[in-house]
Amino acid sequence: MRIELSTFEDSDSPEIARILDELKEIKKNAIALGDEERANNCWRELEALELNLIYIKAFHKIKNKQYREAWYDLEQCEIKCQFIQENSSKDFCAKTRVSFIGAKALSWQSLYPYCVFSSPGFTVGYYTCSICDHKIRPRSRCAHSKGKIYNGELCLHVGHDLELKEISIVSKPVQKYSVVHNDETLDFSLIEYLIDFLEDAFEEWGAIRTRMKFPIEKFSRVKLDQDCPCKGGGRFGDCCSTKSEIEIPHVDFVFHKEISNPAEIRFPY
């Protein structure tokens, strides 16, 4: 089944809700009949359709400057894509936009200014298999592999007797939802710049990270004790304040459509 979706209005239509309900019912009947192949195919179709819906809603939230809420949706997209790709053919992932969404979710995340996250640490008493409820031990495992689908259900290892031990502050979290930042203090200009050129969630675009030089006069607002604009890690007064030009990080966006009125380069200082 191939569902054509582009806009937020498309994703909210009664027809989409009907198709979701129909797929769930077909999968339920296939499971009852022991038709594992059909149940697994229904799982793929359901997950791919739900993935499309989440990604469209994330795009809609970015359009409306709901950046934190969109970030949570993009993480869901990333996780769903991984499971679908592990259990599906490349052709299926291409036809249902799974491959596109997986790549674009990471691209959108790379434009966010988030760089500090909280990471909770737990001790786990034991794990069980979500398919057969077998208690997982080093020398006693069931026939199911974590992350694979069986009769229309995804196998996960369920943790029991969890005990919180610590909360760490990290830059590369396992779970990306745990953002520490206050959004009101952050610069979302890269995302704002890009979204102005996009009309729907499935337009093709790319981001190329480069560097550009600007005359020192443009950095008159940067104080000597502040971080240097070159992003080298030092203070401005100890790094580039005496140079005639400063080279700073820059992003070029590439679009697969003609841009009639490209915006001017945005200088961040």
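The axes of helix α4 (residues 67–86) and helix α6 come within 9 Å and cross at roughly 140 degrees. Axes here are lines fitted to C-alpha atoms, for helices over the stretch in contact, and angles run from 0 to 180 degrees between N-to-C directions. Helices (H or I, at least four residues) and strands (E, at least two) are DSSP runs, numbered from the N terminus. The model is predicted: local features need pLDDT of at least 70, side-chain atom pairs count only at pLDDT 80 or more, and totals for chains, interfaces and linings use all residues. Residues are numbered from 1 along each chain as its sequence is written, and side-chain values use heavy atoms, with hydrogens and water left out.

α4 and α6 are therefore oblique to each other. Angles under 35 degrees count as roughly parallel, over 145 as roughly antiparallel, 65 to 115 as roughly perpendicular and the rest as oblique. The crossing of α4 and α6 is left-handed. A crossing is left-handed if the near helix is turned anticlockwise from the far one by less than a right angle, and right-handed if clockwise. On the α4 side, the contact (heavy atoms within 4.5 Å) includes Trp71, Leu74, Cys77 and Cys81. Among the α6 residues in this contact are Val98, Ile101, Ala105 and Trp108. By class, the contact of α4 with α6 holds 10 nonpolar, 4 polar and 2 charged residues. Ala, Val, Leu, Ile, Met, Phe, Trp, Tyr, Cys and Pro count as nonpolar, Asp, Glu, Lys and Arg as charged, and the others, Gly among them, as polar.

Helix α3 covers residues 36–63. At 1.5 Å a residue, its 28 residues should span 40 Å, and the end C-alpha atoms, 41 Å apart, agree with this. The expected span is 1.5 Å times one less than the number of residues. Lys65 follows α3 and has a positive phi, near 60 degrees.

α3 also packs against α4, at an angle of about 160 degrees and with the axes 9 Å apart. That makes α3 roughly antiparallel to α4. Their crossing is left-handed. From α3, the contact includes Trp43, Leu51, Ile54, Tyr55 and Ile62. From α4, the contributors include Tyr67, Leu74, Cys77, Phe83 and Ile84. The contact of α3 with α4 divides into 14 nonpolar, 1 polar and 7 charged residues.

α3 and α6 (residues 98–111) pack at about 35 degrees, with their axes 10 Å apart. This crossing, too, is left-handed. Ala48, Leu51, Asn52, Tyr55, Phe59 and Ile62 of α3 meet Val98, Phe100, Ile101, Lys104 and Trp108 of α6. The contact of α3 with α6 has 9 nonpolar, 1 polar and 1 charged residues.

The sheet is open. Its 3 strands run in the order β3-β2-β6, with antiparallel pairing. β3 (135–136) and β6 (157–160) stand at the edges with a single partner strand each, so one side of each is left without a neighbour in the sheet. Two strands pair if DSSP finds at least two bridges between them. Strand β2 (residues 126–129) pairs with β6 over 4 bridges, in the antiparallel sense. Within this pairing, Val158 is the bridge partner of Thr128, and Cys129 stands opposite His157. The antiparallel pairing of β2 and β3 has 2 bridges. Here Tyr127 stands opposite Ile136. β2 and β3 form a hairpin with 5 residues between them. In the turn, Asp133 has a positive phi of about 65 degrees.
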